[in-house]
Amino acid sequence: MRKDFLLEILVQELPYKFIPSAIVQLKSSFEKLFKENALNYGDIKIYATPRRLAVIVSDLADKQENIEKDIKGPILTVAKNQDGTFSPAAVGFAKKNNIETSMLYEKDNYIWAKIEIKGKTTPEILKDNIESLILKMQGSHFMRWADNTEKFSRPIENVVAILGNEVVDLNILDKKATNKTQGHRYSKNRFLTIDEPKNYLEILKQGNVITNQDERKGLIINLAKNCAKDNNLELKLENIEDLLEEITFITEWPIPVLCEFNEKYLEIPSIVTTTVMTQHQRYFPLWDREGKLSNKFITMANYVGDDFSNIKAGNQRVITARLEDGAFFYNEDTKTKLIDKLDNLKGMTFQKGLGSLFDKTQRMVNLSEFISNKLSIKDNSNILRCALLSKCDLSTKLVFEFTELQGFIGQNYAQKDNENKSVSKGICEHYFPLGANSELPSEIEGQIVSIADKIDTICALFISTQKDKKKKRPTGSNDPLGARRAAIGVLRTVIEKNLNLDLETIIKHSLDLLSKEFDIELENTILDELKEFFTQRLLFMYEKDFQAQVINSLSDFNPLKDLVGFIEKAKILTKYQTNDDFELIKENATRVKRILKNNSFDNVSSDLFVLDEEKTLYEAIKNHNTNTDNLDLYIQSLKCLINPIVQFFDKVLVMDKDEKIKNNRLALLSKLNEKFNIVCDFEKL
């Protein structure tokens, strides 16, 4: 017989950042619990609000299946007396397993018993495991509450646990499970009784709680959209996913409240105003039909009632204070031009022992010029101007107050100073990508300055760890200055923007700049460590796109020398993985390499050929296409070598007794191996 199961833990308001993790942990823990206890079930759904975590399991078996099991007893010489009767040892074994001695049987010179293990009931399993399962959850800032010794995110106020329509007898931190729960704090139907798990979500709605987080999120979007539409305004959903998640997990009964601020604050850069609203105050900014930021916004209240006057007044008072600060900082910053703030960077430390942000800026200019030359860019004036201005906004009052606006403020101030549009855009975009998969700089100015900035930071980090042995270089859990993220940004920019750059050369140049500027003698291994660091990030980026053996087969090709070409090779090899002709090429290439054992033999002499198959293979190698510009076509051209190779190995003994003939045949295979090595190391593929 199967029944639905409900567990609800009512708590004081949870930190919203913990809730998504709690959902994942609960799902995984219950799946593991049922698997380990051989309990069949239909599905597990996890629901969460700021005040409750709920688990609903459909079609949960009411008990474990009984299991028949063969138990091994004592050896026959011990289990039986000389007259064939069972000894006290055998009798004790039977008694221990609650069976008669007549049920014992012999097998492999031992006494055995077939016993039936009765399965536990589901309520017993739940009672024995639920509390420990909940208390094993992990999150930041877990604490002990009241007299409890165990830690949890917030104090537990109530527990509901019902299987079918019966309460499960269990406790969590001294809270005994019942079928009673509470709705929203302000609901008229605050105290609720759950009759069955399948009715849980609807009963909670009667208490003004939307327990399903996906439903709640969808409702928030629709309520905000409709509120904006009713006021002839628009809600933009781009780039507010984090805001939506936060509002979803701080509300149980979301209600939109339209608020406004003084229009004079619209003179501040819109990025400042929207940042204040979305990241600091959890508001939805609104735009007019022409796409301009409006002075109206929506706050999503977690409220049951009709009077929103206090909510509206309080939020308008808060945002006015924040925007007043923003207006003051903006007016102070714009009294001087962006370029005039360059000298201020001299007083701002980039990294201990490695100078100021002014020093870093100068290196970025140098690196940007170096990269421009490598790309054969004739007029790099905008690139160098972008590099020079790129960090100036870090000394502004607005960025000091709102650090997340670095780059965006620089772009705005550069535009106000009538700087070139590409320069202004590059100042903002040189920080891109802001996340692993977010957008890249769109124009060459931002792309080059972004690469220069990130490589300088990574090289400086590795040098600083050389100077100070207490500092750690980036590892799986340690990523100072976001070095791993920066490396991925560099790699993505070069590959996705198809930049023909040798990163190894750029890294060398960056190291030279740092070592000369700060009079540091570089360790011999530092360049190799940096190459390995970038290469590992590259492998991480493409681990889902390419099989490990494909990447390994290209390990002899330094990817940093030609990233675009390296990825293109990997794509082509991946395409050929299931090709029958390619499989033949691979088999013969591997055979050739194993015979040669990494040795190389020169000077093939046709005078030493004994068999026609040697001559045929030699002619095929000589006449083979030597154009390697297009790897795809080159691989296809290798097909013409397959038959001569197969015939050669069928008829020719490479290791001839005559040393000259043997070496000549090995030299012939060396020529063949050179052809294969252009593609990859087939032995690793």
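Does Asn-208 count as buried or exposed, and at what relative accessibility? At 14% relative accessibility, Asn-208 counts as buried, where buried means under 20% relative accessible area, exposed means over 50% and partly exposed lies in between, with a 1.4 Å probe and protein chains only. The structure is a predicted model, in which local features need pLDDT of at least 70, side-chain atom pairs count only at pLDDT 80 or more, and totals for chains, interfaces and linings use all residues. Residues are numbered from 1 along each chain as its sequence is written, and side-chain values use heavy atoms, with hydrogens and water left out.

Most residues other than glycine have a negative phi, and most peptide bonds are trans. Asn-208 has a phi near 60°, a positive value in a residue other than glycine, and lies in the loop between α5 (200-206) and α6 (213-230). Here helices (H or I, at least four residues) and strands (E, at least two) are DSSP runs, numbered from the N terminus. Asp-108 is not a glycine either, yet has a positive phi of about 55°. Asp-108 counts as exposed, at 60% relative accessibility. A cis peptide bond, with omega of about -5°, joins Phe-432 and Pro-433; Pro-433 lies in the loop between α14 (421-429) and α15 (444-467).

Contact means heavy atoms within 4.5 Å, while axes are lines fitted to C-alpha atoms, for helices over the stretch in contact, and angles run from 0 to 180 degrees between N-to-C directions.

Strand β9 (residues 156-163) has seven of its eight residues buried, so it is largely enclosed by the rest of the structure. Strand β1 (residues 2-11) runs antiparallel to β9 and is joined to it by seven bridges, with Leu-6 opposite Ile-162 in β9. Strand β10 (residues 166-167) also runs antiparallel to β9, through two bridges, and here Ile-162 stands opposite Val-167 in β10. β9 and β10 form a hairpin with two residues between them, and Gly-164 in the turn has a positive phi of about 70°. Ala-177, in the loop between β12 (175-176) and β13 (180-182), counts as buried at 6% relative accessibility. Leaving aside neighbours within four places in sequence, Ala-177 is in contact with Val-159, Ala-161, Val-167, Val-168 and Leu-170.

Ala-177 and Val-365 are 188 residues apart in sequence and 66 Å apart in space, C-alpha to C-alpha. Val-365 is among the α10 residues that meet α11, together with Thr-361, Gln-362, Met-364, Ser-368, Glu-369 and Ser-372; their counterparts in α11 are Ile-383, Leu-384, Ala-387 and Leu-388. The residues of this contact of α10 with α11 divide into six nonpolar, four polar and one charged (Ala, Val, Leu, Ile, Met, Phe, Trp, Tyr, Cys and Pro count as nonpolar, Asp, Glu, Lys and Arg as charged, and the others, Gly among them, as polar). The axes of α10 and helix α11 (residues 381-389) come within 8 Å and cross at roughly 160°, which makes α10 roughly antiparallel to α11; angles under 35 degrees count as roughly parallel, over 145 as roughly antiparallel, 65 to 115 as roughly perpendicular and the rest as oblique.

Helix α10 (residues 357-374) also packs with helix α17 (residues 503-517), at an angle of about 150° and with the axes 11 Å apart. That makes α10 roughly antiparallel to α17. Residues making the contact include Phe-370 and Ile-371 of α10 and Leu-513 and Leu-514 of α17.

Note on methods: Two strands pair if DSSP finds at least two bridges between them.
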